[in-house]
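Hello,

Here is the structure I promised to hand over. Please take a look, then read my notes below.

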Amino acid sequence: MLDSNLAETDAVVANAIAAEENRQENNLEMIASENHVSEEVLEAQGSVLTNKYAEGYPNSRYYGGCEHMDTIEQAAIDRAKQLYDAEHANVQPHSGTQANMGVYFAVLNPGDKILSLNLNHGGHLSHGHHVNFSGQFYEVEQYGVDPETGYIDYNELESVAHEFDPDLIVSGSSAYPREFDFERISRVAASVDAYHLADIAHITGLVAADIHTNPVGVADFVTGSTHKTIRAGRGGMILTSEEYAETIDKAIFPGGQGGPLMHNIAGKAVGFKEALQPDFTEYAKQTVANAKCLAETLQNRGLSVVSGGTDKHLLLVDLRDSHPDVTGKDAEERLESVGITLNKNTVPGESRSPFVTSGIRIGTPAVTTRGFTESEIKDVANYIADLLDNPDDEELASNISREIDYLTQEYPIYE
């Protein structure tokens with residue numbers, strides 16, 4: 001069996017992988033949380049490391065035969081600390097959500113209070129939504145954005161904090177296009193004797209490249225995903241000070257997870273090394289430049305961009321003003337039919353179901369990895385606007401589909 005290849009032993013899975021590779025190569029991935037890792041990261045993640053149990057931490061394992069696991073995990077830890085100027089890094093969380101879980105379990109008790117950004121205003125499920133463990137284990141209150149500006153209302157946040165008296169304040173989002181004022185939130189947290197958790201899941205790469213404010217050393221805890229803007233192995237991490245290092249490590253293992261996914265940690269280590277190279281900074285800068293260009297072009301075409309633009313790699317389009325009869329789901333399906341993949345998303349003041357929504361979230365990390373600059377982004381933005389303006393024009397859709405084919409062939413992911 002070990003001498004066979006996947007196509008011979010499991011055609012169903014092999015064919016699905018081949019089809020997915022084809023889909024990625026021939027579509028523009030513009031889901032803000034997605035990216036394309038290097039072949040080196042793929043090689044690390046698809047390695048024999050998946051065979052090895054390594055419960056514990058480097059030089060303190062519960063199993064034998066972990067000397068090579070120690071080398072890999074320590075490399076990931078050291079590189080994460082270097083990237084973010086952190087005193088301590090835990091690279092074992094399986095996802096950004098489990099990184100958040102680790103922090104909650106480390107410093108909160110069931111029933112304690114969390115203050116976080118409203119999901120419809122750009123927040124995240126793991127920050128206290130009622131369908132998530134975080135909303136079931138803890139008492140949650142939320143702050144939001146100013147309905148006029150689309151920016152976080154920090155006066156409201158401070159007022160709610162003093163009234164609600166949280167044990168932990170979360171700054172971070174999945175669809176908020178502006179930078180957080182981490183220092184102000186830390187001051188509010190200190191004034192109510194609360195911890196501050198900065199969740200940088202989406203912006204790990206932007207922070208690593210020093211083009212986005214780094215909350216390490218400002219917030220008590222920083223969590224993040226390792227596969228979005230930073231393009232490393234899929235998973236999560238926690239950054240904190242030496243003061244909380246032991247507490248965090250115990251909350252991850254044995255508190256919340258069993259054996260670490262060493263193949264994923266190897267992918268993280270490789271991706272972190274890539275992020276330490278000068279060309280990664282140029283990539284991150286271009287990712288933001290592309291997002292700003294995308295927002296500006298869509299606005300020039302009459303679309304409403306929440307907060308009037310973006311500071312990051314993503315933007316949120318509210319369709320209610322320009323296309324009141326088009327839902328986020330409609331737009332997602334229409335664009336996917338021509339090879340542009342993005343996602344429907346709730347918007348501030350949302351009145352539709354989260355399965356339908358009134359907006360779309362668009363990101364530039366993956367297309368920037370392909371090599372897109374502002375020139376290609378302007379074309380794509382106009383394709384998006386054209387399709388929204390002319391939903392029944394099949395000839396237009398066919399022409400745009402051909403243009404997408406050209407772009408994907410001109411800018412392949414894997415040579």
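G172 stands opposite D199 in β8. Five bridges join β7 to β8 (residues 195–199), and the two run parallel. Strands count as paired if DSSP finds at least two bridges between them. Helices (H or I, at least four residues) and strands (E, at least two) are DSSP runs, numbered from the N terminus. From β7 the chain crosses through helix α8 (residues 182–191) to β8, a right-handed β-α-β crossover. Right-handed means that, with the strands pointing away from the viewer, the path from the first strand over the helix to the second runs clockwise.

This is a predicted model: local features need pLDDT of at least 70, side-chain atom pairs count only at pLDDT 80 or more, and totals for chains, interfaces and linings use all residues. Residues are numbered from 1 along each chain as its sequence is written, and side-chain values use heavy atoms, with hydrogens and water left out.

β7 also pairs with β5 (residues 113–117), in parallel, through two bridges. There, I114 has L168 as its bridge partner.

Five of the five residues of β7 (residues 168–172) are buried, so the strand is largely enclosed by the rest of the structure. Buried means under 20% relative accessible area (1.4 Å probe, protein chains only). L168, V170 and G172 cover one side, I169 and S171 the other.

There is also an open antiparallel sheet of four strands, ordered β11-β12-β15-β14. β11 (304–305) and β14 (343–345) are its edges, each with a single partner strand, so one side of each has no neighbour in the sheet.

Best wishes

Definitions and conventions: Buried < 20%, exposed > 50% of the residue type's maximum accessible area, 1.4 Å probe, protein only.
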